[in-house]
Amino acid sequence: METRRNFIKKTAVFSLAGALSHWVINAFGEDGKGEILPQRRLTRNGEKTTAFALGGYHAAKSLNPLQAEKLIERSIELGVRFFDNARGYHQGTAEEYYGKFLTPKYRDDIFLMTKTAGRSKEDVQKQLEESLKAMKTDYLDLWTIHTITSIEDVDNRINNGVLDCFLEAKAKGKTRYIGFSCHTNPKVALHFLDFLEKRGLELDTCQCPVNVCDASFESFQKQLLPVLLEKEYGIIAMKSMAGGGMIGRRFDLTPRDFRDEDIKNITMESAVTMDQLHQYVYSLPVSSLCSGCETVEELEHNIGILKALQKLADAEMQKIAELAQPFAGRFAEHYKRIL
């Protein structure tokens with residue numbers, strides 16, 4: 001009988017969507033705050049989170065506390081229970097907004113995640129305590145080694161005790177789960193996973209770019225997702241619109257030498273629709289899509305796509321990726337690097 005390992009290795013990239021049923025738990029649920037968005041399995045032990053997660057960077061981007069509060073409150077009303085953040089977002093302001101408007105009222109109802117890009121054990125330990133203080137909580141649900149950028153970066157962080165600190169934090173109950181994120185190239189994530197496997201270690205989650213362009217350029221979807229599924233990692237999708245790079249927007253980290261006309265809006269210059277940018281990601285076996293919403297209107301639109309979601313067939317996935325292929329690469333996915 002064919003093993004799950006061999007099945008996944010032989011499965012074509014767009015047929016990864018066939019594994020989705022393994023991760024979907026139910027349609028909608030309820031808690032004391034109201035209806036909850038559809039949930040998917042995040043961890044090996046069956047922990048569930050909403051398939052939509054609010055991105056902490058964009059929620060705080062206005063640096064307007066009233067706007068941040070409105071986004072958080074509306075997220076709860078619409079059934080979001082997964083909230084992302086990072087210590088470095090807006091010099092700590094993003095976490096402080098969660099500490100003011102989210103955790104005092106909703107800590108027991110939500111799954112709270114934050115990240116650190118610290119390069120040494122001392123740095124990440126300090127940032128963990130700062131994150132807990134800023135967000136007014138004594139534990140995290142998920143703490144993530146943020147944005148590993150190169151093979152050398154992975155090795156340096158390991159040698160400098162970053163992984164040790166994460167493992168200790170989980171053992172001490174400072175965080176329930178630990179994970180890592182990678183933006184630049186799937187080979188970097190695979191190098192880290194190889195290191196962990198050789199030492200008999202497993203983390204719980206991986207956050208990585210998943211979008212319609214990714215399939216055509218240094219693809220996380222093709223190279224990393226099958227391995228993560230094999231190892232039963234929770235997959236947190238990000239950059240479903242490449243930080244705005246696929247819809248003609250400049251992002252804070254968009255290289256300055258990019259001309260505005262270099263940043264194409266593929267929803268205006270191809271047959272790919274705005275809704276399909278999200279549907280494509282949800283149709284893959286991801287645990288949650290971390291969505292960067294700056295306004296209540298964006299939040300409502302993006303959540304509306306999930307509420308009305310019908311999984312795309314493999315042939316539709318292939319067609320959308322082909323339509324997006326001419327836009328893939330340097331300008332849309334400026335965060336990626338060729339290794």
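**Close-up views of a predicted model**

**View 1. Pairing of strands E9 and E10.** In this predicted model, strand E9 (residues 140-148) and strand E10 (residues 175-182) run parallel and are joined by six bridges. Leu142 stands opposite Tyr177 in E10.

**View 2. The barrel that contains E9 and E10.** Eight strands form a closed barrel in the order E6-E7-E8-E9-E10-E11-E12-E13. The pairing in this barrel is parallel.

**View 3. Helix H6 over strands E8 and E9.** Helix H6 (residues 121-134) lies across strand E8 (111-116) and also across E9. Relative to E9, H6 runs at about 135°.

**View 4. Crossing of helices H7 and H9.** Two packed helices are described by the angle between their axes and the distance between the axes. For helix H7 (residues 151-159) and helix H9 (residues 186-198), the axes come within 8 Å and cross at roughly 35°. The crossing of H7 and H9 is right-handed. On the H7 side, the contact is made by Ile151, Val154, Asp155 and Ile158, which meet Val188, His191, Phe192 and Phe195 of H9. Six of the residues in this contact are nonpolar, one is polar and one is charged.

**View 5. Helix H9 and its buried residues.** H9 has 13 residues and spans 18 Å from its first C-alpha to its last, close to the 18 Å expected at 1.5 Å a residue. Buried positions in H9 are Pro186, Val188, Ala189, Phe192, Leu193, Phe195 and Leu196. The buried residues of H9 pack against strands E9 and E10, and against H7, helix H8 (162-171), helix H10 (220-223) and helix H11 (225-230).

Terms used. Residues numbered from 1 in each chain as written. Predicted model: local features only at pLDDT ≥ 70, side-chain atom pairs only at ≥ 80, totals over all residues. Heavy atoms only, no water. Axes fitted to C-alpha atoms, helices over the stretch in contact; angles between N-to-C directions. Helix = DSSP H or I, 4+ residues; strand = E, 2+ residues; numbered from the N terminus. Left-handed = near helix turned anticlockwise from the far one by under 90°. Contact = heavy atoms within 4.5 Å. Nonpolar A, V, L, I, M, F, W, Y, C, P; charged D, E, K, R; others polar. Pairing = 2+ DSSP bridges. Expected span 1.5 Å × (residues − 1). Buried < 20%, exposed > 50% of the residue type's maximum accessible area, 1.4 Å probe, protein only.
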